[in-house]
Amino acid sequence: MTWDTYYRGTGEPHDTRLPDPPPWRAFPRRSSPHTFQPPEGLTDAVNAAVFLHRPLLITGAAGSGKSTVIEQVADELRLGSVLRWHITSRSTLPDALYRYDALGHIHTLRLAQSGSRGGRKREEISEFLQLGPLGTALLPDSPRPRALLIDEIDKSDLDLPSDLLDVLERGVFEIPELVRHSEARVPVRRWRGDDEDEATEQKPYVVHRGRVQCQRFPFIVMTSNGEREFPAPFLRRCIRYDMPPLSVELLHAVVEAHVERELSPEASGLVKQFVDRVARGETLAVDQLLNAVKLLIDHQGPTGEQRDRLIKYLLRNLTGA
């Protein structure tokens, strides 16, 4: 099997065995805590966050491994499946705590009142509620703290870090729809973490009078690409760690762990070139290097000028023209 047996550009259909994915591109995605190599000082920062029950804010360039930290910590400390909250400019605190499908609830009630649901008079509100990733992390029924990743918080609206302060300080929140509800105890579905099946999500937590109060503060890792500043009240509630510049030795170990084999001298040279370019101010991500090394070392990959050209494409600077 060779590189040219896949797409040939002829328009003629043909049978060929497509390649297996690299380990980091296999789906469903699996946690790979063994591939992460913590840089100097990170273990101290993690232990401080665990000891003080404070969130850990990790700042660093894209692709530096910030979001992988929590997988290794959760695996070593047996914190269970990682919960994830991926931040966008539209992310809000209420969405992270719980989600209520008000329109779906109203529509179902109208159908029930019209008799189109076989005489069913009303639909339970719990069927339209689900705890978000932060809300699930704060549940008090876990024997050990849950692990929660708040990824790329610097992409959020300007108000979100300040909105988080009260919840992170007091570990409590309310669901207004349940505070006003006629029933004191209402079961609510959980957010599904990594590697958790649908049965876990469907296992409800019974919320009493609309209030959730954590008993053990979750282990929270927040990541930032350093694209904005945060308010001082938010920063003082966090343990902060800045990812150091990548070294050849550390990156070499990271790449070997991902490709699951010892690197050839040529691949090692590519790692050094990558580190040198980053040191000169270019913006590159580690997953670009992984892709390039995969092409370089795999016996099914391209060869000669074609391989060199593709590696150049894969390692293009992420900023500028």
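1. Let's start with arginine 211, which is partly exposed in this predicted model. Its relative accessible area comes out at 38%. The side chain of arginine 211 meets that of glutamate 174 in a salt bridge, with 3.8 Å from N to O. Glutamate 174 sits in strand E6 (residues 172–174) and arginine 211 in strand E9 (residues 211–213), so this pair ties together parts that are 37 residues apart in sequence. Glutamate 174 also counts as partly exposed, at 45% relative accessibility.

2. How many salt bridges does a search of the whole structure find? The count is 16. As background, side chains of opposite charge can pair when their charged atoms come close. Two more of these pairs are worth a look, and they come next.

3. Take arginine 54 and glutamate 169: their side chains form a salt bridge at 3.2 Å, N to O. Arginine 54 is in the loop between H1 and E1, while glutamate 169 belongs to helix H6, so the pair ties together parts 115 residues apart in sequence. Arginine 54 is partly exposed, with a relative accessible area of 26%. Glutamate 169 is partly exposed too, at 40%. There's a further member to look for here: Arg54, Glu169 and Arg237 are linked in a network of salt bridges.

4. Now try arginine 84 and glutamate 71, whose side chains meet in a salt bridge at 2.7 Å, N to O. Arginine 84 is in strand E2 and glutamate 71 in helix H2 (residues 69–76), so to speak distant parts of the chain, 13 residues apart. Are these two residues buried or exposed? Arginine 84 has a relative accessible area of 18% and is buried, given that the cut-off for buried is under 20%. Glutamate 71 is buried as well, with 13%.

5. Strand E2 leads us to the sheet. Five strands make up an open, parallel sheet, and their order is E2-E5-E10-E1-E11. Which strands stand at the edges? They are E2 (83–86) and E11 (239–242); each has a single partner strand, so one side of each is left without a neighbour in the sheet. On average, neighbouring strands of this sheet are turned by 20° against each other, ignoring direction.

6. Within that sheet, have a look at how E5 meets strand E10 (residues 219–224). The two run parallel and are joined by four bridges. Leucine 149, for instance, has valine 221 in E10 as its bridge partner. Helix H1 (residues 42–52) packs on the sheet, where it touches strand E1 (56–59), E10 and E11. The direction of H1 makes about 165° with that of E11.

7. Over to H10, for a quick check on its length. At 1.5 Å a residue, its twelve residues should span 16 Å, and the end C-alpha atoms are 16 Å apart, which agrees. The buried residues of H10 are Leu251, Val254, Val255, Ala257, His258 and Val259. Those residues pack against H11 and helix H12 (286–297).

8. What does the backbone do just after H10? Glutamate 260 takes a positive phi of about 60° there, although it is not a glycine. You'll find glutamate 260 in the loop between helix H10 (248–259) and helix H11 (265–279). Glutamate 260 is exposed, with a relative accessible area of 57%.

9. One last stop: glutamate 152. Its phi is near 60°, again a positive value in a residue other than glycine. Glutamate 152 lies in the loop between strand E5 (147–151) and helix H6 (160–170). Its relative accessible area is 28%, and that makes glutamate 152 partly exposed.

Key. Residues are numbered from 1 along each chain as its sequence is written. This is a predicted model: local features need pLDDT of at least 70, side-chain atom pairs count only at pLDDT 80 or more; totals for chains, interfaces and linings use all residues. Side-chain values use heavy atoms; hydrogens and water are left out. Buried means under 20% relative accessible area, exposed over 50%, partly exposed in between (1.4 Å probe, protein chains only). Two strands pair if DSSP finds at least two bridges between them. Axes are lines fitted to C-alpha atoms, for helices over the stretch in contact, and angles run from 0 to 180 degrees between N-to-C directions. Contact means heavy atoms within 4.5 Å. A salt bridge is a side-chain nitrogen of Lys or Arg within 4 Å of a carboxyl oxygen of Asp or Glu. The expected span of a helix is 1.5 Å times one less than its number of residues.
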